[in-house]
Amino acid sequence: MLTVFIGFFIFGFSENVKGPAIPRIQTDFHLDEMQIGTLLSLNSLGYLLACSFTAFLVRKWGVKWVSALSFGLMALTGVLMFFSRTYPALSGSYFLMYIGNGMLEIALAVLAAQIFVKNMGTMMNLAHFFYGLSSIVAPMLATGLMTLSIGGHTLDWRGMYLIILLLSLIPMIPAVLGRFPAKELAEEDRIPVKSLMRDPVIWLLVAILSFGVISEMAVGGWLVNFLEKAYHWETGAASGMLSAFFLCFTFARLIAGPITDKIGYTLSLILFAGFTGICTFAAILAGEPGAALFAIAGIGIAPVYPTIMALIADRYRGNSDTAISFIVTLMGVGSVLGNYLIGAITDGIKQLFVTGHGSEIGLLRGLQAGYAFIGLCAVICSFASLILYIYLKRRKELL
């Protein structure tokens, strides 16, 4: 349990310090929005690659050593990122970090599915609460570290990443010392991937998770950038709003767990994802006075991922590692396309408006269009959950 909880805590840091760092990286390497979108997409590609082989490693080496390896890989990435001086070197470091993140996420999800056998929705949300807890602090911590001077040298984003990612060495201790659950099933009793692929529920879960995760994870990479460039906010204020998003996000997971266990996984997904979509579009339409709605949107998107993990663990009990690996791998494809599309939409709409209205209004409209896509993903997630609800109810398999 220490490995799961501390692991998610460190995972939240590694994922969400990038918000304040992206504008600094963009300035240092003279990147446009399309290149930033491409960078984040390449990161997601590393995540996708990790998801494709981690389940095999878990079966081969055990979840214990895969967890320890992923923590060590993330720490190594911090060192590589500190010494990166070119865009290709930075992209390679980010790519490697996301391989570590992908391995860690699969390992922690499999471990959680094995040890949380009662009140699955509550326990999954509690585990992911630790992810949200560090995510609250991450943007402000990143901003503070980037301005910190040691021996007359400012840490900037490179030093910040080095310190944050070296924290990954801490959860290696319980990972190595802990006694982990034995395999649940013999190899011959496992459901093969081909059989899973014939289950329509699997594909609906892929759609729900893909669009839900795009809507959740894109906030960490794009909200600070949006507020700084669209509304000319200072970095500290923009990072504070991202922290407010994760504050809503984190405590929603504490509240949502018991609600999910009471009303059911599928109905929860419909309501929570729909709420996020409404808040995001309302924030964009309201302009700067409605910026707080970006943070409030975190209440809805927070329970989506852990609720899906609980649903998978409940429906495919005993074969959860195979199901999780398959679904999360395909979700990785969606993340790659999602980050790329946000960057492409932002840059494309910006260029479209620049011709007739000038560069400032063009950038604003581009950022609004890109962020609207994040809200659209939440709406699609809710709609796909509704289809799943109808399908499972008709078959009397509602969870």
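At 25% relative accessibility, Arg 24 counts as partly exposed, where buried means under 20% relative accessible area, exposed over 50%, and partly exposed in between (1.4 Å probe, protein chains only). The structure is a predicted model, in which local features need pLDDT of at least 70 and side-chain atom pairs count only at pLDDT 80 or more, while totals for chains, interfaces and linings use all residues. Residues are numbered from 1 along each chain as its sequence is written, and side-chain values use heavy atoms, with hydrogens and water left out.

Arg 24 belongs to helix α2; helices (H or I, at least four residues) and strands (E, at least two) are DSSP runs, numbered from the N terminus. Contact here means heavy atoms within 4.5 Å. Not counting residues up to four places away in sequence, Arg 24 touches Met 146, Trp 157, Glu 228 and Thr 235.

Along the principal axes, the C-alpha trace spans about 60 × 50 × 35 Å. Of the 399 residues in the protein chain, 59% are buried. Among contacts between residues at least 6 apart in sequence, 84% join residues at least 24 apart.

The surface and the charges complete this overview. The accessible surface of the protein chain comes to about 15,300 Å², and carbon and sulfur atoms account for 71% of it; accessible areas come from the Shrake-Rupley method with a 1.4 Å probe, and for residues only the protein chains shown count as cover. There are 24 positive and 21 negative side chains, with the centres of the two sets 8 Å apart. In this count Lys and Arg are positive and Asp and Glu negative, whereas His and the chain ends are not counted. The place of a charge is taken as NZ of Lys, CZ of Arg, CG of Asp or CD of Glu.

Backbone geometry deserves a look as well. Most residues other than glycine have a negative phi, and most peptide bonds are trans. His 30, although not a glycine, has a positive phi of about 55°. This histidine sits in the loop between α2 (18-29) and α3 (33-61), and His 30 is exposed, with a relative accessible area of 69%. A positive phi, near 60°, is also found for His 232, again a residue other than glycine. His 232 lies in the loop between α10 (200-230) and α11 (235-263), and at 54% relative accessibility His 232 counts as exposed.

Gln 114, in helix α5 (residues 87-115), is buried, with a relative accessible area of 18%. Ser 385 is part of helix α17 (residues 359-394) and is buried, at a relative accessible area of 0%. Leaving out residues up to four places away in sequence, Ser 385 touches Ile 208, Thr 266, Leu 269 and Ile 270.

Gly 298 is found in helix α14 (residues 298-301), and at 0% relative accessibility Gly 298 counts as buried. Beyond residues up to four places away in sequence, Gly 298 touches Phe 245, Cys 248 and Phe 249. By contrast, the C-alpha atoms of Gly 298 and Ile 22, 276 residues apart along the chain, are separated by 21 Å.

Finally, the cysteines were examined. A search of the whole structure finds 0 disulfides, a disulfide being a pair of cysteine sulfur atoms within 2.5 Å. Cys 248 is in no disulfide, and the nearest cysteine sulfur, that of Cys 279, is 9.3 Å away. At 21% relative accessibility, Cys 248 counts as partly exposed. Cys 381 is likewise in no disulfide, with the nearest cysteine sulfur, that of Cys 377, 9.2 Å away. At 0% relative accessibility, Cys 381 counts as buried.
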